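Colleague: I have a chain open on my screen and would like to learn how its features get their names. Could you go through it with me?

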Amino acid sequence: MIFRQLFDSVSGTYSYLLASRAGGEALILDPVLEKADRYCQLLRELDLRLVKAVDTHLHADHVTGLGELRDRTQCITIMGEQSKADVVSMRVSDGDKVTVEGVSLDVMYTPGHTDDSYSYLMGDRVFTGDTLLIRGTGRTDFQNGSSRAQYESIFNRLLKLPEETLVFPAHDYKGDTVSTIGEEKRYNPRLQVRNVDEYIELMANLKLPNPKMMDVAVPANMHVGLHQEDLAKQGLALTARDAINSLGRPDILLVDLREAGERAKHGTISGALHAPYPGIAESLKPGGMLREVAAATGRRVVFFCAFGERSAMAVAAAKNAGLANTAHIEGGIDAWKKVGGPVVRESK
């Protein structure tokens with residue numbers, strides 16, 4: 001197991017790089033924009049391929065590295081379904097799993113610090129974002145924060161985990177790097193309350209100044225999406241309505257880049273070939289499935305995903321691989337559904 005805790009001293013942010021083996025797929029949690037060079041250097045040194053970048057919530061104290069890492073590594077960007085970010089590749093909800101080769105994170109919705117705050121549980125450790133900090137808790141006085149929701153998230157979700165579970169937060173300002181659920185139960189001063197009303201009163205009287213970066217970070221972090229209009233201008237995009245009208249056409253091959261869990265949850269498009277995005281480079285190589293199918297049939301490959309991010313990157317990857325006759329569905333299956341496109345539910 002490769003596990004690296006990386007620190008940004010300016011914002012007090014911890015980012016976490018996870019992979020099961022050298023040479024394998026990697027995932028990063030809560031990357032900071034200014035540290036992108038360091039992350040990419042470490043990925044090269046450890047011979048890792050970044051497949052997913054996750055933000056636990058919309059940050060107010062630093063600009064996220066999600067967009068930069070996506071542009072540099074073509075990774076999948078992930079946030080919770082409540083996030084106000086314009087476009088991320090994948091949105092998760094409570095009970096989902098985020099996986100890369102050999103690594104699986106259980107998704108826990110833990111609102112309170114913000115309304116889009118999530119924690120991620122991996123075996124003996126939990127990444128708590130800003131919900132539960134070491135000897136503290138995330139503030140609840142902006143971004144639809146709620147002390148009541150945070151109390152529920154902490155006392156009825158996180159503190160129900162085994163006491164030996166390691167706690168890795170997204171921030172620390174005192175130099176602590178890790179704690180445990182048991183330690184926090186006993187020694188976290190904000191958790192020594194008798195009930196939710198006491199917790200709400202405690203949080204209401206913190207009187208904290210706004211984060212120094214808040215006016216810059218929040219707007220920037222809401223606009224991390226790819227500019228899909230560029231592909232449309234090049235004639236490499238179909239609107240959802242155009243795509244619906246092309247259903248059944250013999251000259252078009254629809255390719256679904258989503259993961260199996262997304263397809264089960266949100267449905268599929270009839271007749272589409274399933275080729276999950278992380279394997280796109282292999283699929284487009286000479287001898288790869290998509291390249292062979294396109295060559296054998298002469299059909300135009302039209303990629304789609306959840307919101308159009310992965311499919312836009314797939315069009316670029318296809319172009320780089322010498323496969324010119326491709327396009328994608330702008331806005332993905334989300335846009336498809338909004339204009340009444342038919343969806344097939346997979347039978348269990």
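Colleague: Is aspartate 37 buried or exposed, and how do you know?

Modeller: Keep in mind that this is a predicted model. Aspartate 37 has a relative accessible area of 52%. The word exposed is used over 50%, so aspartate 37 counts as exposed.

Colleague: And what makes arginine 72 partly exposed?

Modeller: Its relative accessible area is 37%. Buried would need a value under 20% and exposed a value over 50%, so arginine 72 falls in between and is partly exposed.

Colleague: Why is the contact of arginine 72 with aspartate 37 called a salt bridge?

Modeller: The closest N and O atoms of arginine 72 and aspartate 37 are 2.7 Å apart. The cut-off is 4 Å between a side-chain nitrogen of Lys or Arg and a carboxyl oxygen of Asp or Glu, so the pair qualifies. This pair links distant parts of the chain: arginine 72 belongs to helix 2 (residues 66–73) and aspartate 37 to helix 1 (residues 36–45), 35 residues apart. As a general idea, side chains of opposite charge can pair when their charged atoms come close.

Colleague: How many salt bridges are there by this rule?

Modeller: The count is 27 salt bridges. One of them is between glutamate 163 and lysine 185, at 3.4 Å from N to O.

Colleague: Why can we say that glutamate 163 and lysine 185 tie parts of the chain together?

Modeller: Glutamate 163 sits in the loop between helix 3 (147–156) and strand 13 (166–169), while lysine 185 is in helix 4 (residues 181–187), so their pairing ties together parts 22 residues apart in sequence. Glutamate 163, with a relative accessible area of 35%, is partly exposed. Lysine 185 is also described as partly exposed, at 30% relative accessibility.

Colleague: Which salt bridge does aspartate 256 form, and what makes it one?

Modeller: Aspartate 256 pairs with arginine 258, and their closest N and O atoms are 2.8 Å apart. The limit is 4 Å, so this is a salt bridge. Aspartate 256 and arginine 258 are both buried. Elsewhere, salt bridges with shared partners join Asp37, Glu68 and Arg72 into one network.

Colleague: How do you know that serine 15 is buried?

Modeller: Serine 15 has 1% relative accessibility. Buried means under 20%, so serine 15 is buried. You will find serine 15 in strand 2 (residues 13–19), where its contacts include Arg4, Leu29, Pro31 and Tyr39.

Colleague: What makes the pair serine 15 and tyrosine 39 a polar contact?

Modeller: Their side chains are joined at 3.1 Å.

Colleague: What about strand 13 and strand 14: how many bridges join them?

Modeller: Two bridges join strand 13 to strand 14 (residues 179–180), and these strands run antiparallel. In strand 14, threonine 180 is the bridge partner of leucine 166. Strand 13 also pairs with strand 10 (residues 125–129), in the parallel sense over four bridges, and there phenylalanine 127 stands opposite phenylalanine 168.

Colleague: Finally, which residues touch the most other members of the largest nonpolar core?

Modeller: They are Val98, Tyr120, Phe127 and Phe303, in a core of 42 residues. Helix 12 (residues 309–320) gives the most to this core, with five residues. Apart from it lies another core of 28 residues, including Leu17 and Leu43.

Note on methods
Residues numbered from 1 in each chain as written. Predicted model: local features only at pLDDT ≥ 70, side-chain atom pairs only at ≥ 80, totals over all residues. Heavy atoms only, no water. Buried < 20%, exposed > 50% of the residue type's maximum accessible area, 1.4 Å probe, protein only. Core = buried A, V, L, I, M, F, W, Y, C linked by side-chain atoms within 4.5 Å. Contact = heavy atoms within 4.5 Å. Polar contact = N/O pair within 3.5 Å; in protein donor to acceptor, adjacent residues only side chain to side chain. Pairing = 2+ DSSP bridges. Lists of a residue's contacts leave out its neighbours within four places in sequence.
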